[in-house]
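Take a moment to look over the chain as a whole. Then follow the text from the overall fold down to single residues.

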Amino acid sequence: FNSAIHACSRNPPSKTKTDSSKMPADGQNEGWQTALLLFRQMKKENIVPNEQTYASLLHACGKSGQVKLALSFLNEMKTNPSTRDPDEKVWGAILQVLASAGDYKKAMKIMREMVLMSGISPNILHCNALLASLSRARKDDVALDLLDCMLNGTVPVFISANATVPVDDIRMARPDLISINTVLAACSRCKNYRDAKIILQRMKNKEFLGDNKIPIKPDSISYNTILSACPNPEAAATILDEMRLSRRERYSSVVPTTVTYTNAITVCRRAEPPDLLRARQFFENAIREGVAPNVFMYSAAIWTAERCSDPDAALAFLHEMKSSTPSRHCKPNAVTYDGCVSAFASKGKYKEVMQLLQEMKDLGIAWTPVTYKRIAIAISKSDLSDAEVPSVLEPIVYGMKKADRSAS
């Protein structure tokens, strides 16, 4: 039973050999459901579950966000004489479940219980799971404090405060690259560029040492995450320059990727006012550096042009996608077309909008609720007369699905 439940926590249930009569109906066959059925079958056959059983159940719950069910398993363990003292793997599994849900309050409570009740020092998996919970909950201040505790080997206040048992022997795990990148993600979600940049500088100063005392160096994920926190295009350009300079160091070169440039261009789109010129510069830099643009990078560029009310620039990016030039070619999707449609719609150029809609149909790209809304905007801003509008709208409305009609 343990092997089957463990398989459910790792693979799709269809790949797990179980009795088909005990499987959920088609369309509902998720790993946690199959694991739960197997667990119930164990009880029916009077087989006592052990810590491995519960750890696998918790992992299955974590992959599907079943927080309440996972916590009920933990409480059940505490009432079972053979599992009333969960080991570090079980605590790690429950912390992973809470990380997937971003439930940082319960995660902090669970870690405190693990330390004070079971006397287990948090290992790197425990700490990284808690950091992930804090990141998802946008608690960058608490994540930064926890990172410092890991670095200094001190017990966090949420554990030591009002503790009824000594915590002097408790040692926090030292951070690894995942720890630091998770804290950077928390800063990025909170648009906390200042602290993200400080962490990057500390990494460059070799202040973060792993268990092996080797300095932890930033990787492409570190830089990409900081880019998403940049407050303006100038800051994004500075980060890109730092990545280029890193190539001079033989052992710490960080190569930019499509994610790097997508994030940089997105900063241009979010800027006030949006910076189309810089977005085009970033795009061309990517091409020169051999970074092949994908649909996300093109979407960021096209929607930057849309925010700048520059339909010609948006269309130019779309034409580049469809070109035969290998370094620029990329198959467009609904998001890229919607950006162009929106750019022309805001100018009331409904004929250009209709041409783009026909292209989407020819390429088999389905119209989205965004598409239909932009059609309405294009027509309302066009020079069509009241008598002409019904004849334009009728074939469009006729081809809409019921869901699209209600959304639009």
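A residue counts as buried when its relative accessible area is under 20%. It counts as exposed over 50%, and as partly exposed in between. This is a predicted model. The protein has 408 residues, and 50% of them count as buried.

Start with the overall build. The secondary structure comes to 22 helices and 0 strands. How much of the contact count comes from residues 24 or more positions apart? Among contacts with a separation of 6 or more, such residues account for 64%. The accessible surface of the protein is about 20,500 Å². Carbon and sulfur atoms hold 52% of that surface.

Is R189 buried, exposed or partly exposed? Its relative accessible area is 38%, so R189 is partly exposed. That value falls between the cut-offs of 20% and 50%.

Move on to helix α11, residues 193-204, where K197 lies. Which residues does K197 touch beyond its neighbours within four places in sequence? It is in contact with I239 and E242. L184 is 13 residues away from K197 in sequence. In space, the two are 8.9 Å apart, C-alpha to C-alpha.

Next comes helix α15, which spans residues 276-288 and includes N285. Why does N285 count as buried? Its relative accessibility is 17%, and the cut-off is under 20%, so N285 counts as buried. Leave out residues up to four places away in sequence, and N285 touches R244 and Y261.

The last stop is helix α16, residues 295-307. A305 has its place in this helix. Is A305 buried or exposed? A305 counts as buried because its relative accessibility is 0%. Its contacts, not counting residues up to four places away in sequence, are L276, D310, A313 and A314. A further pairing can be traced from A305 to A279. These two alanines are 26 residues apart in sequence. Their C-alpha atoms are 8.9 Å apart in space.

N285 is at 17% relative accessibility, while A305 is at 0%. R189, at 38%, is partly exposed.

Terms used: Residues are numbered from 1 along each chain as its sequence is written. This is a predicted model: local features need pLDDT of at least 70, side-chain atom pairs count only at pLDDT 80 or more; totals for chains, interfaces and linings use all residues. Side-chain values use heavy atoms; hydrogens and water are left out. Helices (H or I, at least four residues) and strands (E, at least two) are DSSP runs, numbered from the N terminus. Buried means under 20% relative accessible area, exposed over 50%, partly exposed in between (1.4 Å probe, protein chains only). Contact means heavy atoms within 4.5 Å. Accessible areas come from the Shrake-Rupley method with a 1.4 Å probe; for residues, only the protein chains shown count as cover.
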